[in-house]
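Visitor: I'd like to learn how to read a model like this one, feature by feature. Could you walk me through it?

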Amino acid sequence: MNVNKARLAISIIGSAIGVVAAGAQARKALQKGDKLSLVNAIASVLVAVTGGALAIRGARKDGAE
């Protein structure tokens with residue numbers, strides 16, 4: 001496995017973990033009725049999804065070159 005594939009795998013795994021953690025935070029926020037924490041969880045999901053998308057796009061660009 002070369003460095004680019006390892007970097008891609010680590011980025012995707014990190015993004016997936018971020019989504020799971022934000023989902024847990026969102027569940028807790030909904031149970032408590034904490035709107036600010038819920039907004040934070042939603043923003044965290046967006047950050048994790050964006051990071052994964054950027055990693056995949058970078059891998060595709062590296063593969064095309």
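Guide: Happy to. Let's begin with a cut-off: a residue is called exposed when its relative accessible area is over 50%, buried when that value is under 20%, and partly exposed in between. Keep in mind that this is a predicted model.

Visitor: Okay, so is K5 buried or exposed?

Guide: K5 has a relative accessible area of 52%, so K5 is exposed. K5 sits in helix α1.

Visitor: And how many helices and strands are there in the protein?

Guide: The protein has two helices and zero strands.

Visitor: What share of the residues counts as buried?

Guide: Of the 65 residues, 14% count as buried. As for the surface, the accessible area comes to about 4900 Å², and 67% of that belongs to carbon and sulfur atoms.

Visitor: How would I check the length of a helix, say α1?

Guide: You compare an expected span with the distance between the end C-alpha atoms. Helix α1 covers residues 3–32, and at 1.5 Å a residue its 30 residues should span 44 Å; the end C-alpha atoms are 43 Å apart, so the two agree. Just after α1 comes G33, which takes a positive phi of about 75°. The other helix to know is α2, made of residues 35–64.

Visitor: How do I think about which way residues on a helix point?

Guide: An α-helix has 3.6 residues a turn, so residues three or four places apart point the same way. With that in mind, take a look at the buried residues in α1: S15, A22, A26 and A29.

Visitor: Let's take S15. What does S15 touch, leaving out residues up to four places away in sequence?

Guide: S15 touches A48, G51 and G52. Its relative accessibility is 13%, which is why S15 counts as buried. G51 turns up again from another side: the C-alpha atoms of G18 and G51 are separated by 9.8 Å, although these residues are 33 places apart along the chain. G18 is also in α1, but at 26% relative accessibility G18 counts as partly exposed.

Visitor: Where is L38, and what does L38 touch?

Guide: L38 is in helix α2. Not counting residues up to four places away, L38 touches A26, A29 and L30. The relative accessible area of L38 is 23%, so L38 is partly exposed.

Visitor: Can we return to the sequence-versus-space idea? How far apart are K5 and G58 in sequence and in space?

Guide: K5 and G58 are 53 residues apart in sequence and 11 Å apart in space, C-alpha to C-alpha. I10 makes a second example: I10 and A55 are 45 residues apart in sequence and 9.4 Å apart in space, again C-alpha to C-alpha. I10 lies in helix α1, and with a relative accessible area of 62% I10 is exposed.

Technical notes: Residues are numbered from 1 along each chain as its sequence is written. This is a predicted model: local features need pLDDT of at least 70, side-chain atom pairs count only at pLDDT 80 or more; totals for chains, interfaces and linings use all residues. Side-chain values use heavy atoms; hydrogens and water are left out. Helices (H or I, at least four residues) and strands (E, at least two) are DSSP runs, numbered from the N terminus. The expected span of a helix is 1.5 Å times one less than its number of residues. Buried means under 20% relative accessible area, exposed over 50%, partly exposed in between (1.4 Å probe, protein chains only). Contact means heavy atoms within 4.5 Å. Accessible areas come from the Shrake-Rupley method with a 1.4 Å probe; for residues, only the protein chains shown count as cover.
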